[in-house]
Amino acid sequence: MKNPASTLSKITLSILVAASLAACNQNKTNDKPATTPAAAKVEDNTLKNGDIVFVNSDTLLNKYQYFKDMADRLEKKGKAAQADLQNRGQAFQREVAEYQKSAATMSADQRQATEQRLARKQQELQAYQQNTGAQVQQDQAGEQAKLYEKVADFLKVYAKEKGYKMVMTYQKGNSGILYGDASLDITSDVVAKLNEAYNKDKK
């Protein structure tokens, strides 16, 4: 079973939040020429410097306390599940070893009954292991969904307040951004405000 902490370290946090475009003022006066719909559309969608910014997802995950606490919770659950499976497996192995020691003194019916019982136990152990692994993955997926929603919801409000039209994500070695000017990197401010909000929620 994979360690949730190691899996989480490979998370690619997709943050692509488009803020609503500001509606243009379409009031016209008699002494001004009317703007054609095509011209208005071009004007509305013209991006200015600072309309698009980005967040470094690696830095965000390393410094966002909510993510750290989430990773700790999942790691503890994973270790507990792994320890439980190991204990069950060792108990089963002891039963098999005891049977092997006493098999020679058993009758044929006793051996058959014991082997059938051990076979059922082995199947049950395998099923339990699969269910436990699936539960760990389900917990991890649920936590990741909560993380995404928390960051995306925050950025929707943040972008609207700042006047950004798009917030993109950057991750070294796995990003659609080949270059971004440092002035467009809003990671530090986003992390600070996310941690501030999270600390308030914990109180």
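Let's start at Asp69, which sits in helix 4, residues 65–102. Keep in mind that this is a predicted model.

Is Asp69 buried or exposed? It is buried: its relative accessible area is 18%, and the cut-off for buried is under 20%.

Now its partners. Leaving aside residues up to four places away in sequence, Asp69 touches Tyr198 and Lys202. With Tyr198 there is a polar contact, side chain to side chain, at 2.6 Å.

That takes us to helix 6, residues 187–202. Helix 6 has 16 residues. From first C-alpha to last it reaches 22 Å, close to the 22 Å expected at 1.5 Å a residue.

Which residues of helix 6 are buried? Thr187, Val190, Val191, Leu194, Asn195 and Tyr198. They cover an arc of only 125° around the axis, so they lie on the same side of helix 6. What do these buried residues pack against? Strand 2 (52–56), helix 3 (57–63), helix 4 and helix 5 (108–162). Turn to the face away from that buried side, and you find the exposed residues Ser188 and Lys200.

Now the whole chain. There are 6 helices and 3 strands. Along the sequence, the pattern reads α-β-α-β-α-α-α-β-α. Of the 203 residues, 29% are buried. The accessible surface comes to about 14,000 Å², and carbon and sulfur atoms hold 50% of that.

Last, the contacts. Take those between residues at least 6 apart in sequence: 86% of them join residues at least 24 apart.

Terms used
Residues numbered from 1 in each chain as written. Predicted model: local features only at pLDDT ≥ 70, side-chain atom pairs only at ≥ 80, totals over all residues. Heavy atoms only, no water. Helix = DSSP H or I, 4+ residues; strand = E, 2+ residues; numbered from the N terminus. Buried < 20%, exposed > 50% of the residue type's maximum accessible area, 1.4 Å probe, protein only. Contact = heavy atoms within 4.5 Å. Areas by Shrake-Rupley, 256 points an atom, 1.4 Å probe, with all protein chains shown as cover. Polar contact = N/O pair within 3.5 Å; in protein donor to acceptor, adjacent residues only side chain to side chain. Expected span 1.5 Å × (residues − 1). Arc of directions from axis to C-beta.
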